[in-house]
Amino acid sequence: MARGFLGRCPHCGEGRIFGRYLKVRPECAHCGLQMHHHRADDLPPYVVIFVVAHIVGYLILELEMGYDVPLWFQLTFWPLATLGMALALLQPVKGAVVGLQYALGMHGFATLPSAGSEGPEESRFGPADERDPDARAGLRRA
Ligand SMILES: [Zn+2]
């Protein structure tokens with residue numbers, strides 16, 4: 001999620017997730033991880049609204065209660081601040097949501113790019129009968 005928040009591929013951390021502002025690249029140019037099947041959908045805007053509304057709402061109340069601020073300032077500053085914060089947070093939050101889907105193996109992220117350019121894709125979790133929850137969670141010591 002941190003790699004995604006910074007706009008980097010959740011698998012390798014090198015390639016970029018976004019081709020344009022909110023357009024996720026079909027695959028990572030560095031490691032070849034397929035990203036076209038992500039389903040961020042409406043979660044990033046929900047998260048951004050949740051975060052920005054709490055910050056701006058608190059600051060508006062704090063300013064209104066503690067200071068004598070002219071109405072024109074309130075009506076000018078807060079919409080612009082809200083817009084700026086929302087636009088600034090939307091891409092990182094969408095990247096983090098794609099990273100979350102990758103971390104959970106959702107929506108096609110269960111397969112990784114193969115080491116070579118040929119051959120079948122490697123499953124992240126192995127065949128069903130070889131799965132070991134402790135090893136997968138990194139709990140087993142070598
Ligand atoms: Zn990558």
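This is a predicted model: local features need pLDDT of at least 70, side-chain atom pairs count only at pLDDT 80 or more; totals for chains, interfaces and linings use all residues.
The protein has four helices and two strands. Of its 142 residues, 18% count as buried. Mean pLDDT, the predictor's confidence in each residue from 0 to 100, is 83 for the protein.

Conventions
- Residue numbers start from 1 along each chain, as its sequence is written.
- Local features need pLDDT of at least 70 and side-chain atom pairs count only at pLDDT 80 or more, while totals for chains, interfaces and linings use all residues.

Fold
- From the N terminus, the elements run α-α-α-β-β-α.
- Helices (H or I, at least four residues) and strands (E, at least two) are DSSP runs, numbered from the N terminus.
- Buried means 20 or more other C-beta atoms within 10 Å of the residue's own; exposed means 12 or fewer; partly exposed lies in between, with C-beta atoms placed from the backbone.
- Of the contacts with a separation of 6 or more, 47% join residues 24 or more positions apart.
- A contact needs two C-beta atoms, placed from the backbone, within 7 Å.

Loop residue D41
- D41 sits in the loop between α1 (2-5) and α2 (43-66).
- Its phi is positive, about 50°, although D41 is not a glycine.
- D41 counts as exposed because it has 10 C-beta neighbours inside 10 Å.

Confidence
- In the protein, 79% of residues reach a pLDDT of 70 or more.
- Among the elements, α2 has the highest mean pLDDT (94), and helix α4 (residues 133-136) the lowest (54).
- Over residues 116-120, pLDDT stays under 50.
- For residues 116-120 the model has two contacts beyond four places in sequence.
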